[in-house]
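This briefing concerns the charged side chains of one protein and the way they pair. Please consult the sequence and the structure shown below while reading.

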Amino acid sequence: MGPMLPILRALALACLALLPVRAEETLAVAAAADLRGAWERLGPAFEARHPGLRVQVSFAASGTLSAQIRQGAPFDVFLSADLAFPARLAEEGLGSPEGVFPYALGRLALWVRGDLGLDPARLGFGTLGNPKVRRVVLANPRVAPYGRAAEEALRHAGLLEALAPRLVFAENVAQAGQYLRTGAADAGLVSLSQAEQPDLKAKG
């Protein structure tokens with residue numbers, strides 16, 4: 001564990017290949033919201049290596065994307081923040097079971113505003129009990145795997161009920177990060193990769 005953020009939980013991010021990749025066409029990708037930063041870094045290199053392929057990425061919570069696929073959204077690849085959503089879609093015949101595989105390991109982290117003068121690396125969840133922390137943001141646990149993991153972590157720590165009046169919910173983990181950037185929340189449970197983005201890392 002690094003000095004800045006305690007790592008709380010790991011999630012297996014999973015991929016579901018819905019249709020075979022076609023050269024010289026558009027590849028429609030449904031991607032968990034937290035992958036936007038990774039795509040901005042890696043996407044141009046991927047497209048440069050595949051000049052005949054244009055990649056169109058839609059970012060949202062994994063549960064929201066899963067619902068869109070059920071409704072007939074024409075995605076070729078689904079990059080989910082957990083295994084459950086793509087596995088269920090494969091069971092329903094919306095992708096092949098062999099097309100479901102983990103592609104990365106995501107980590108959930110606690111982020112707290114630095115100007116509050118608290119030390120989450122030392123206090124962990126105890127930080128959230130401080131009255132300086134007025135609002136704690138999570139992604140919506142009904143559709144966002146990071147939100148579900150955050151809720152489970154708080155429940156396991158015995159804090160979910162006590163923190164309930166101070167919890168605010170974002171549509172997805174990327175929006176939760178935006179709450180932290182703008183000061184709409186004082187602390188949050190977001191992905192570690194997101195918490196280590198330069199703008200958030202500088203503030204918390």
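In this predicted model, glutamate 151 and arginine 155 form a salt bridge in which the closest N and O atoms are 3.9 Å apart. Both residues belong to helix α5, where they stand 4 residues apart, about one turn of the helix. Side chains of opposite charge can pair when their charged atoms come close.

**Exposure of the pair in helix α5**
- Glutamate 151 is partly exposed, with a relative accessibility of 21%.
- Arginine 155 is also partly exposed, at 48% relative accessibility.

**Salt bridges between separate elements**
- Arginine 148 and aspartate 82 meet through their side chains in a salt bridge of 2.3 Å, N to O.
- This pair links distant parts of the chain, since arginine 148 lies in helix α5 and aspartate 82 in the loop between β4 and α3, 66 residues apart.
- Aspartate 82 is buried at 8% relative accessibility, whereas arginine 148 is partly exposed at 26%.
- A salt bridge also joins arginine 181 and aspartate 199, whose closest N and O atoms are 2.5 Å apart.
- Arginine 181 is in helix α7 and aspartate 199 in helix α9, so the pair ties together parts 18 residues apart in sequence.

**The protein as a whole**
- The count of salt bridges comes to 8, and a network of them links Arg113, Asp115, Arg134 and Asp186.
- The secondary structure comprises 9 helices and 8 strands.
- Of the 204 residues in the protein, 45% are buried.

Methods
Residues are numbered from 1 along each chain as its sequence is written. This is a predicted model: local features need pLDDT of at least 70, side-chain atom pairs count only at pLDDT 80 or more; totals for chains, interfaces and linings use all residues. Side-chain values use heavy atoms; hydrogens and water are left out. Helices (H or I, at least four residues) and strands (E, at least two) are DSSP runs, numbered from the N terminus. Buried means under 20% relative accessible area, exposed over 50%, partly exposed in between (1.4 Å probe, protein chains only). A salt bridge is a side-chain nitrogen of Lys or Arg within 4 Å of a carboxyl oxygen of Asp or Glu.
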